[in-house]
Amino acid sequence: MDNIYLIGFMGSGKTTIANRLGTKLQLAVQDTDKMIELFYQMKIKDIFLQYGEKTFREYERQILGEVEKHNCIVSTGGGIIETPENILELKKHQTIYLQTSWEVIMNRLKEDTGRPIWNNQDVDKQALLHKREGKYIEAASIIVNTDGKTTNQVVTEIITLIDK
Ligand code: S3P
């Protein structure tokens, strides 16, 4: 089976949903952020601190090109769609946009300290979500709204919508 990619803003539940989906469909799960940390032996936070976002996007671009191409669920970083080549790549596969409202995201991430963009006071995160929305929609073949749904409800919805 071709891979299934999960995209969406920080806090939209990509990692949790990917893991549950992987268990249900008995597919391996790959996570682009984890792969970057493993390959470059650095925390995402430190890559941003030492080299900046541009370098992180280059690493992310390279890693997306290197994920196993079959029988996997791929959880991606929230900014994967900031690189136009990544959108082209995602469009070749079943890509699910986990669409989540600003209110839900804000509530989930209010205590978060590990995400460099979320924790950057100079970035208007709500404006960033709005700016990215069209890119997520462009890259996705399936859109699932997650607001007010449990992990199981989202996973069940995805299973009914994907080509297996
Ligand atoms: C980012 C989201 C993060 C991570 C990096 C940049 C972003 O992933 O890739 O900090 O630009 O939105 P999550 O979406 O898993 O938080």
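Helices (H or I, at least four residues) and strands (E, at least two) are DSSP runs, numbered from the N terminus. Residues in this predicted model are numbered from 1 along each chain as its sequence is written, and side-chain values use heavy atoms, with hydrogens and water left out. Local features need pLDDT of at least 70 and side-chain atom pairs count only at pLDDT 80 or more, while totals for chains, interfaces and linings use all residues.

**View 1. K149 lies in the loop between β5 (142-145) and α8.** K149 is partly exposed, with a relative accessible area of 30% (buried means under 20% relative accessible area, exposed over 50%, partly exposed in between, with a 1.4 Å probe and protein chains only). Apart from neighbours within four places in sequence, K149 is in contact with V154 and E157 (contact means heavy atoms within 4.5 Å).

**View 2. Helix α1 (residues 14-25) packs against helix α8 (residues 151-161).** The angle is about 60 degrees and the axes are 10 Å apart, which makes α1 oblique to α8. Axes are lines fitted to C-alpha atoms, for helices over the stretch in contact, and angles run from 0 to 180 degrees between N-to-C directions. Angles under 35 degrees count as roughly parallel, over 145 as roughly antiparallel, 65 to 115 as roughly perpendicular and the rest as oblique. From α1, T16, I17, R20, L21, K24 and L25 meet T151, N152, V154, V155, I158 and I159 of α8. This contact of α1 with α8 holds 7 nonpolar, 3 polar and 2 charged residues (Ala, Val, Leu, Ile, Met, Phe, Trp, Tyr, Cys and Pro count as nonpolar, Asp, Glu, Lys and Arg as charged, and the others, Gly among them, as polar).

**View 3. α3 and α4 pack with their axes 7 Å apart.** Their angle is about 130 degrees, and α3 and α4 are therefore oblique to each other. I44, I47, F48 and Y51 of α3 make the contact with E53, T55, F56 and Y59 of α4. By class, the contact of α3 with α4 has 6 nonpolar, 1 polar and 1 charged residues.

**View 4. Helix α4 has seven listed positions under cover: T55, F56, R57, Y59, E60, I63 and L64 are buried.** The elements covering the buried residues of α4 include β1 (4-7), α2 (32-40), α3 (44-51), α5 (84-90) and α7 (125-139).

**View 5. D31 sits in strand β2 (residues 28-31).** D31 is buried, with a relative accessible area of 12%. Leaving out neighbours within four places in sequence, D31 is in contact with T15 and S75. D31 and G134 are 103 residues apart in sequence and 23 Å apart in space, C-alpha to C-alpha.
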